Amino acid sequence: MRYKITTLKNTSLHHYTLWANSKEDALSKARQRDQITPLHIEAKPIFSLAPSHQDIYIALKQFHIMLLANLPLQQCITSIAQNTSNKKLSCIFENISNSLENGLSLYESFMPYENIFGKLTLVMIEFGSKSGKLCECLELLLEELHSQEIAKKEIKKVLFYP
């Protein structure tokens, strides 16, 4: 598998990719190459397909349910990363979890993935985080995503009607 390595070189960030059998193998190869522990290692699949809207909806629904159960935010994100069947989405949530551990806000952690989740999701997460009503915002977001999906199906149905 390919791994994207981020390390410091002459006080600036340096990115490169390398092939390794596992994340631990990539870490040891990066340490040998640079003589320093890398800042970040990210698995890069060869074929990178975007997660489906259904996978994203299910992950956000799980996130909402776990927050309703009063689980800690970090634990919710980590659980989604570990239990998602879509590898790309799992990797995204793992990166979000790492960003949260490094002190970024939930909105800042989701921001690099705006093209995956959409602007509406980011706005609702930002508003929910700042207002302290993340569960309510996620519930509204899930309702909107569901109604958008129904509308898409209806449009396709009308377009393909003989």
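Visitor: Why does Asp25 count as partly exposed rather than buried or exposed?

Guide: In this predicted model, Asp25 has a relative accessibility of 21%, and because buried means under 20% and exposed means over 50%, Asp25 falls in between and counts as partly exposed.

Visitor: What makes the contact between Lys29 and Asp25 a salt bridge?

Guide: The side chains of Lys29 and Asp25 meet at 3.9 Å, N to O, and the cut-off asks for a Lys or Arg side-chain nitrogen within 4 Å of a carboxyl oxygen of Asp or Glu, so the pair qualifies. Both residues lie in helix α1 and are four residues apart, which means that about one helical turn separates them. Lys29, with a relative accessible area of 33%, is partly exposed.

Visitor: Why is Ser90 called buried?

Guide: Ser90, placed in helix α4, has a relative accessibility of 14%, and because buried means under 20%, Ser90 counts as buried. Leaving aside residues up to four places away in sequence, Ser90 touches Ala81 and Thr84.

Visitor: Which residues have the most contacts inside the largest nonpolar core?

Guide: They are Phe63, Ile77, Phe93, Ile96, Leu106, Phe110 and Phe117, in a core of 31 residues. Helix α8 (134-159) is among the elements that give two or more residues to this core, and α8 gives the most, with seven residues. Phe117, for its part, touches Ile56, Leu89, Ile92, Phe93, Ile96, Phe110 and Leu122, again not counting residues up to four places away in sequence. A second, separate core of eight residues includes Ile5, Ala20, Ala30 and Ile41.

Visitor: What is the class make-up of the lining of the largest pocket?

Guide: The lining has seven nonpolar, seven polar and five charged residues, around a pocket with a volume of about 360 Å³. Of the 19 lining residues, His53, Tyr57, Leu145, Gln148 and Glu149 are the closest to the centre of the pocket, and the largest share of the lining, seven residues, comes from α8.

Terms used. Residues numbered from 1 in each chain as written. Predicted model: local features only at pLDDT ≥ 70, side-chain atom pairs only at ≥ 80, totals over all residues. Heavy atoms only, no water. Core = buried A, V, L, I, M, F, W, Y, C linked by side-chain atoms within 4.5 Å. Buried < 20%, exposed > 50% of the residue type's maximum accessible area, 1.4 Å probe, protein only. Contact = heavy atoms within 4.5 Å. 1 Å grid on protein atoms, 1.4 Å probe; cavity = no way out; pocket = protein on both sides within 12 Å on 5 of 7 lines; lining within 4 Å. Points joined across faces, edges and corners; volume = space filled by probe spheres on them. Nonpolar A, V, L, I, M, F, W, Y, C, P; charged D, E, K, R; others polar.
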